[in-house]
Amino acid sequence: MKNEVYTIYHLSIEPDDFPAFETLIAKIVDATSKEPDTLTYEYVVNEDRTAVHIIERYRPAGIVPHSDTTFAPFAEEFLSLVRIEKLYVYGETTPEIRTRLDRFDALYFSSFAGFSR
């Protein structure tokens, strides 16, 4: 996790809202794919389409531009379709990053052992 920040969002969604959400997410993923400091950006859904996780991995310089520039135009529609239940943040964050993530009651974790290949 050195020089990277991981986030995992746990979202709840009504199954009837999933088709509209899926259409919206295609636009967000396309826009996010152009960000040089976003390394992983994946959405996964459970079988009954009531829970979605977003798995993100950034260089620290990537979170603020993603939040403020790429995601901002979609935020209102996004939040009308899902509820953010939990946000887990892994890695070293800056006060500026925390300002963006604290509004979702983020839980912060720092690495103390292990490795990544």
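This is a predicted model: local features need pLDDT of at least 70, side-chain atom pairs count only at pLDDT 80 or more; totals for chains, interfaces and linings use all residues.
Now widen the selection to residues 82–90, which make up strand β4. Strand β4 and β5 run alongside each other in the parallel sense, and three bridges link the pair.

Next, show the whole sheet. Which order do the strands take? Reading across, you get β2-β3-β1-β4-β5. This is an open sheet of five strands, and its pairing is mixed. Colour 38–45 and 107–109 to pick out β2 and β5, the edge strands, each of which pairs on one side only. Going from one strand to the next, the twist averages 15°.

Time for the helices. Select residues 18–32 for helix α1, which lies across β1 (5–13), β2, β3 (51–58) and β4. Compare α1 with β2, and you'll find an angle of about 170°. Then select residues 60–71 for helix α2, which lies across β1, β2 and β3. This helix runs at about 130° to β3.

Last stop: go back to strand β2 and click on Thr-38. Is Thr-38 buried or exposed? Its relative accessibility is 14%, so Thr-38 counts as buried, since the cut-off for buried is under 20%. Show the side chains of Thr-38 and Glu-35 too, and you'll see a polar contact of 2.4 Å joining them.

Notes: Residues are numbered from 1 along each chain as its sequence is written. Side-chain values use heavy atoms; hydrogens and water are left out. Two strands pair if DSSP finds at least two bridges between them. Helices (H or I, at least four residues) and strands (E, at least two) are DSSP runs, numbered from the N terminus. Axes are lines fitted to C-alpha atoms, for helices over the stretch in contact, and angles run from 0 to 180 degrees between N-to-C directions. Contact means heavy atoms within 4.5 Å. Buried means under 20% relative accessible area, exposed over 50%, partly exposed in between (1.4 Å probe, protein chains only). A polar contact is a pair of N or O atoms within 3.5 Å; within protein, one must be able to donate a hydrogen and the other to accept it, and residues adjacent in sequence count only if both atoms are side-chain atoms.
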